[in-house]
Amino acid sequence: MHILCLQGSPRKNGNTRDLVSMFSDKARDLGATVETIHAPGLDIKPCKELIVCEKKGFCPIKDEMDQVYAAIKRADLIVLASPVFFYNVTAQLKTLIDRCQVFWGRKYKLGLKEPNAGIRQGFLLSCGGSGGKKLFDGMELTAKIFFDALSVSYQGMLGYRHIESPGDMAAHPGVKEDVAKAVETLCRPVLSRQRVLFVSLKDACRSQMAAAFLRSMDQGLYHVATAGIDPAPEIFAPGIDVMAEKQLDIKFLAPSALPLETSSFDRVVWLGKDGDLPASLSSAAIETWDVPALENPSLEQLRQIRDDLQQRVQQVFCNL
């Protein structure tokens, strides 16, 4: 399970950091991996409402948001964390949220589906100095709309009032118990799923296709990952296009390297020939699917590979 924390406080060592640290430490104790992005440290520009994201499915502003898009796509759980600024998240985190309009455009204007829709979760962490009854209302509404654009199910929040001075969050009575309970509820069911790894040479097309089909058909039974023996720098663009024909969105995904320890996966699927099985996989329990790796395939060849993978995933994993 991979968790992404989007931390919005301009204070790196403030109370929000303490809250995120408690959450992250507990999640790691359970076996999850945690990635934290500090929004105020990013070089990202505000949304300019160019509408390109709604018409063509990408943001034309070139800055560090590209790394955020990739991080969002690989996360099983996304945690928004921010102190309260005028009853909402900080300006730095709101800038990041606004630039995620690209996900809204791909979902609602282009009709594309997130393969993990319905499985991924979102959660909100916050603290503020006021004791106002509606202190978190604006922030929570923003979080719900943000998570909806990402096809992420909002699972609630932990919000703490009267947190003003350094150390207040760490000293708050009951916060550690609150965080432990939330992490258990969010993570334990995901960590208990069967783990499936699709491996190809470059992890740029075939493995991503197979994983997207399984994620879209899955009912919470599997945790799906991909890897490449020699990962490509980015996803094969025509592969994104042919998957879009199935209304499945694999844009912003990034090829991954083969994990050092594949024995942690319940099933490892090699998308290639038996004779081409890499030595790094020889000791693992491997299922081999003879799916050709073609150099510069045509769209028709990609469609054939896509359809073959869809049928095989249905037969092997879904009994369809």
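## Aromatic pairs

Rings of Phe, Tyr and Trp (its six-membered ring) count as a pair if their centres lie within 6.5 Å; planes under 30 degrees apart are stacked, over 60 edge-to-face, and the rest tilted. By this rule there are 11 aromatic pairs. One of them is the edge-to-face pair of Y69 and F103, with 5.6 Å centre to centre and 80° between the planes. This pair links distant parts of the chain, 34 residues apart: Y69 lies in helix 3 (residues 65–74) and F103 in helix 5 (residues 101–109). Y69 is buried, at 2% relative accessible area, and F103 is buried at 8%. F198, Y222, W289 and F317 form one aromatic cluster.

The model is predicted: local features need pLDDT of at least 70 and side-chain atom pairs count only at pLDDT 80 or more, while totals for chains, interfaces and linings use all residues. Residues are numbered from 1 along each chain as its sequence is written, and side-chain values use heavy atoms, with hydrogens and water left out.

## Charges over rings

A charge sits over a ring if NZ of Lys or CZ of Arg is within 6 Å of the ring centre and within 35 degrees of the ring normal. The charged end of R195 is 4.2 Å from the centre of the F265 ring, and K251 lies over the face of F252 at 5.3 Å.

## Strand 7

Helices (H or I, at least four residues) and strands (E, at least two) are DSSP runs, numbered from the N terminus. Buried means under 20% relative accessible area, exposed over 50%, partly exposed in between (1.4 Å probe, protein chains only). In strand 7 (residues 222–228), 7 of the 7 residues are buried, so the strand is largely enclosed by the rest of the structure. Y222, V224, T226 and G228 point one way, and H223, A225 and A227 the other.

Two strands pair if DSSP finds at least two bridges between them. Strand 6 (residues 194–200) runs parallel to strand 7 and is joined to it by 7 bridges. V199 stands opposite A227 in strand 7.
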